[in-house]
Amino acid sequence: MAPASLQEGCMTPATLSFEPLRHRLTDGTYSDAQQAWLWHEALSLVEAAGGPGSGAPGQTPGRSLLAWLRANARQLAATEEAMRRLIYRKRNAWLAGGKTPQALMDRRTEANAQRRTEISQEDRNQIVASAVLNHGGRLATAFWELMQQGQLSQNLRSRFIANPADKGDLPRSVARELRPEVDMLRNIHLGPRTHRLNGAYIDRDWSTVAAGDWLCSDDVTCPVPYGLPDGSLTQGQLLLTIDVRSRRIQDFALLDSPNYNAFAIFSSYVRIFDRYGLPRKGMLWEMGIWKRSRLLKGGDSCPHSTAEVELGFQSLGLRFIHSVLPRSKPVENVIGLLQNLMEGEPGYSGRCQMLEKHERWQAARRDVESRRKTPAEAGFYSAAEWFQRLHELAEQYNRTPQQGILAGATPNEAWESYQRADDPPVALTGSIRYLLATHKLPVKVQNNGIVFQFGKQRFVYRNEATGRLIGRRLLAWFDPDNADSLCVTDERRKNLICVPRARAIPAMEATPEEMSAAQASVSAHNAYAKVRYSEIKTAFIPRPRVTLPDPASDSLGRDMAAAKTAARQEQKTVATARRIATRAGLPAGLVQLAHDPERTKRVINYFMQDSP
């Protein structure tokens with residue numbers, strides 16, 4: 001149906017205007033329906049003006065339409081000649097179809113759909129199974145292999161060449177039908193965790209979370225190697241802790257070893273609590289050793305993890321949530337953004353060195369490993385320089401606007417604006433700080449002292465005070481930052497004593513000083529038992545009963561005692577004579593004088609007077 005303006009009368013080319021079509025224009029591409037209505041109304045205007053050839057030369061309705069479309073709908077055709085041909089084709093189709101919008105619809109999609117051969121369920125199953133199970137998701141490889149082997153239906157094989165020149169060129173109709181299913185099944189074929197990571201996820205509403213409510217931590221291997229004092233290189237472990245709501249980096253720890261431990265994480269959290277106070281709610285951690293460790297969460301499992309402070313922190317009202325997937329840990333995104341800032345640093349080696357080959361830095365690393373150059377000569381940071389640079393990068397991240405839940409604010413700004421003004425954080429200072437900085441654990445004093453173990457690290461504490469408490473159950477207040485001594489109380493937190501640590505010494509090459517200190521520690525611990533035993537023995541061992549021997553037995557006993565005394569004296573005299581004879585260079589036969597005790601004594605006395 002023509003627009004209402006066309007019903008008022010026939011317009012001349014001089015008065016022809018296509019402004020009523022302005023509402024049909026779009027900024028992007030046109031759908032089939034939009035194009036059909038645009039052409040229908042445009043051709044209706046031309047028809048009402050008397051047809052494309054009517055009017056004076058240069059002012060015909062057809063030329064007016066061409067000029068208007070070139071000025072306002074250039075998306076329809078790239079050149080003026082192409083637009084002229086398009087108008088001609090559209091007008092012929094419009095006239096042949098009864099001057100209706102339906103006559104201008106693009107029927108190619110419908111025609112293609114009618115010609116398209118459906119893939120049977122049996123063929124679909126074979127192709128998808130081969131691609132997922134045998135070819136790592138490569139759909140083209142699986143499809144052409146089955147085609148060559150003749151395992152697909154005749155209906156499908158008849159549509160495609162069995163042995164094309166390019167077997168990587170998969171028919172688009174097959175790819176459109178099967179690619180989504182192959183990608184979906186390949187995820188679960190790789191494993192249930194991959195399927196969950198790439199599948200649906202829970203949307204979270206952060207409006208109810210305030211800055212300072214939750215902390216989140218994780219570790220990452222630094223992509224920037226740095227030099228150690230011994231001339232070697234390490235990438236170390238970066239332990240990062242952020243505020244969950246503001247995504248602000250609160251603290252980090254850099255460990256030179258390839259593995260992190262609970263003591264470093266404990267110290268990092270103590271620094272955060274000293275600086276910002278306790279979080280209002282708790283901590284968000286991952287699974288694994290972060291959940292099993294004793295130093296952060298208590299229990300009897302391995303302590304070299306962050307789960308081992310819970311005994312102290314949980315008593316302060318803090319909670320622990322353990323994330324199953326990386327997507328639910330906000331710190332993962334912050335780690336990625338921080339690594340982006342590291343990409344221009346000296347020595348940057350990539351986040352996946354098996355795939356990213358930074359050849360120049362790999363060559364420099366080989367120079368250091370072969371001792372041809374020092375880390376500084378090869379261009380790497382020292383440990384102190386890299387630690388300082390990490391501080392600068394963390395501060396740069398905290399000052400950079402972020403999108404997502406921060407909506408363009410910087411983490412520093414979000415930390416200030418998302419606080420709860422009516423609920424400031426709690427700080428543990430002064431005389432109660434020990435509740436924060438120590439790990440309380442029950443211990444039993446053993447024969448070797450107070451002994452407990454965190455992971456592979458063994459701790460032994462003993463002195464003379466522990467010797468008096470063997471077998472007693474006590475409370476140990478362990479400070480990971482100062483493990484050289486241990487504070488111990490009874491179970492009522494009274495009778496405090498401080499016990500020094502007894503360190504292990506080298507098994508075969510201990511120095512005299514180390515051996516002396518170890519023996520002194522053992523002696524101090526064992527001393528009390530010796531003293532106590534002497535006291536008990538003196539006071540409580542019963543006295544022997546007095547017997548009255550008969551005269552004959554008494555006489556024989558006295559004779560035996562006298563004979564033993566004489567024999568011991570003779571042996572002593574002979575030994576003295578041998579020693580004097582050897583010293584004076586006299587013949588050993590002098591010792592034979594021992595058979596005459598009196599002469600031996602005189603000779604000995606003679607030489608004793610002259611000997612120096």
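1. Which residues does Ser-173 touch, not counting residues up to four places away in sequence? The two are Arg-159 and Phe-160. Ser-173 itself has its place in helix α8, which spans residues 172-190. Its relative accessible area is 17%, and since buried means under 20%, Ser-173 is buried. As with everything below, this is read from a predicted model.

2. Some totals for the whole chain. The protein chain has 612 residues, of which 39% count as buried. Its secondary structure comes to 22 helices and 14 strands. Among contacts with a separation of 6 or more, 60% are made by residues 24 or more positions apart. The chain exposes about 36,000 Å², and 53% of that is supplied by carbon and sulfur atoms.

3. The sheet. Five strands form an open sheet in the order β5-β4-β1-β6-β7, and the pairing is mixed. At the edges are β5 (249-255) and β7 (319-323), each of which pairs on one side only. On average, neighbouring strands of this sheet are turned by 20 degrees against each other, direction ignored. In general, the strands of a sheet pair through backbone hydrogen bonds, in a parallel or an antiparallel sense.

4. Strand β1 and its two partners. With β4, strand β1 pairs in the antiparallel sense, over seven bridges; here Cys-216 stands opposite Ile-242 in β4. With β6, strand β1 pairs in the parallel sense over three bridges, and Leu-215 stands opposite Met-283 in β6. β1 is mostly covered, with six of its eight residues buried.

5. β6 covers residues 282-286 and is joined to β7 by five bridges. These two strands run parallel. One of the pairings can be named by residue: Gly-282 has Arg-319 in β7 as its bridge partner.

6. Helices on the sheet. Helix α14 (residues 330-342) packs on the sheet and touches β1 (214-221), β4 (237-243), β5 and β6. The direction of α14 makes about 45 degrees with that of β1. Helix α16 (residues 383-398) lies across β4 and β5, and it runs at about 160 degrees to β5.

7. How do helices α1 and α3 lie relative to each other, roughly parallel or roughly perpendicular? Helix α1 takes in residues 32-48 and helix α3 residues 80-96, and they pack at an angle of about 85 degrees with their axes 11 Å apart. Angles of 65 to 115 degrees count as roughly perpendicular, so α1 and α3 are roughly perpendicular to each other.

8. The residues between those helices. From α1, the contact involves Trp-39, His-40, Leu-43, Ser-44 and Glu-47; from α3, it involves Leu-86, Ile-87, Lys-90, Arg-91 and Trp-94. Sorted by class, the contact has five nonpolar, two polar and three charged residues.

9. Leu-104, in a loop beside this pair. Leu-104 lies in the loop between α3 and α4 (108-115). Leaving aside neighbours within four places in sequence, Leu-104 is in contact with Ala-36, Trp-39, His-40, Lys-90 and Trp-94. Leu-104 and Trp-94 are ten residues apart along the chain, and their C-alpha atoms are separated by 6.1 Å. Is Leu-104 buried or exposed? Its relative accessibility is 4%, so Leu-104 counts as buried.

10. Helix α6. This helix runs over residues 139-149, and its buried residues are Leu-139, Ala-140, Ala-142, Phe-143, Trp-144, Leu-146 and Met-147. What covers them includes α5 (121-134), α7 (154-157) and α8. After α6 comes Gly-150, which has a positive phi, near 70 degrees.

11. Asn-526. This residue lies in helix α20, residues 512-540. With a relative accessible area of 32%, Asn-526 is partly exposed. Asn-526 and Arg-462 are 64 residues apart in sequence, while their C-alpha atoms are 9.7 Å apart in space.

Conventions:
Residues are numbered from 1 along each chain as its sequence is written. This is a predicted model: local features need pLDDT of at least 70, side-chain atom pairs count only at pLDDT 80 or more; totals for chains, interfaces and linings use all residues. Side-chain values use heavy atoms; hydrogens and water are left out. Two strands pair if DSSP finds at least two bridges between them. Helices (H or I, at least four residues) and strands (E, at least two) are DSSP runs, numbered from the N terminus. Axes are lines fitted to C-alpha atoms, for helices over the stretch in contact, and angles run from 0 to 180 degrees between N-to-C directions. Contact means heavy atoms within 4.5 Å. Angles under 35 degrees count as roughly parallel, over 145 as roughly antiparallel, 65 to 115 as roughly perpendicular and the rest as oblique. Ala, Val, Leu, Ile, Met, Phe, Trp, Tyr, Cys and Pro count as nonpolar, Asp, Glu, Lys and Arg as charged, and the others, Gly among them, as polar. Buried means under 20% relative accessible area, exposed over 50%, partly exposed in between (1.4 Å probe, protein chains only). Accessible areas come from the Shrake-Rupley method with a 1.4 Å probe; for residues, only the protein chains shown count as cover.
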